Amino acid sequence: YGPPGHGREKVTGAMRSMVFCSLVPAMLIAEDLATLAACMIVYCVWDMLCCIDAGAPRLDNLVHHSLSVFLCAMALVDDDVYGVMMEVGAAFFSAELSTVFLNMMILTKRGTPENKLASKMFAVTFVALRCIMFPALASSIQADLCVTLALWALILMQFVWAFFIFRRIEF
């Protein structure tokens, strides 16, 4: 995220959490996989726009969101990917839960006990969900080479981010 104390960042962080939480029921009760994929695309695009609005967009963040949108869009147009949408959806939905703690970090004042707790919770959930659970689910997905490469690019990016997150957290 952008520089600490940036006012627009705090509003954007709160909006990101609200949009994610409002899409959760739609994702959980989706009658078909196309609705699930559409909700995921809406969230990815919204989250990417919020990241751009909060400050200078970073290339890694834009790549992450673009790959996520690509995977969801592939599920809508490709029968082979559509068949594994439940795994992609489960991985996506679960991994994005760590974003709630990221937004709590943004919304709390840096250096406060609340911010330190949110930072630690973000680090733990990020690793558990994005570096352990997401790769485990992704490795079970049988898809064409393009989709497989996109999935593994996301996984690699998450491991790189985990490295930087843990360098920054005060334990």
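This is a predicted model: local features need pLDDT of at least 70, side-chain atom pairs count only at pLDDT 80 or more; totals for chains, interfaces and linings use all residues.
I take buried to mean under 20% relative accessible area, exposed over 50%, and partly exposed in between (1.4 Å probe, protein chains only). Residues are numbered from 1 along each chain as its sequence is written, and side-chain values use heavy atoms, with hydrogens and water left out.

**Cysteines.** I looked up Cys-72 and found it buried, at a relative accessible area of 1%. Cys-44 is buried as well, at 2%. I then searched the whole structure for disulfides (cysteine sulfur atoms within 2.5 Å) and found zero. Cys-44 is in no disulfide, and its nearest cysteine sulfur belongs to Cys-72, 5.0 Å away.

**Aromatic rings.** I searched for pairs of Phe, Tyr and Trp rings (six-membered ring for Trp; centres within 6.5 Å; planes under 30 degrees apart stacked, over 60 edge-to-face, the rest tilted). The whole structure holds two aromatic pairs. One of them joins Phe-163 and Phe-164 edge-to-face, with 5.2 Å between centres and 75 degrees between planes. Phe-163 is partly exposed at 48%, and Phe-164 is partly exposed at 45%.

**Chain.** I recorded eight helices and zero strands, taken as DSSP runs numbered from the N terminus (helices H or I, at least four residues; strands E, at least two). Of the 171 residues, 43% count as buried.
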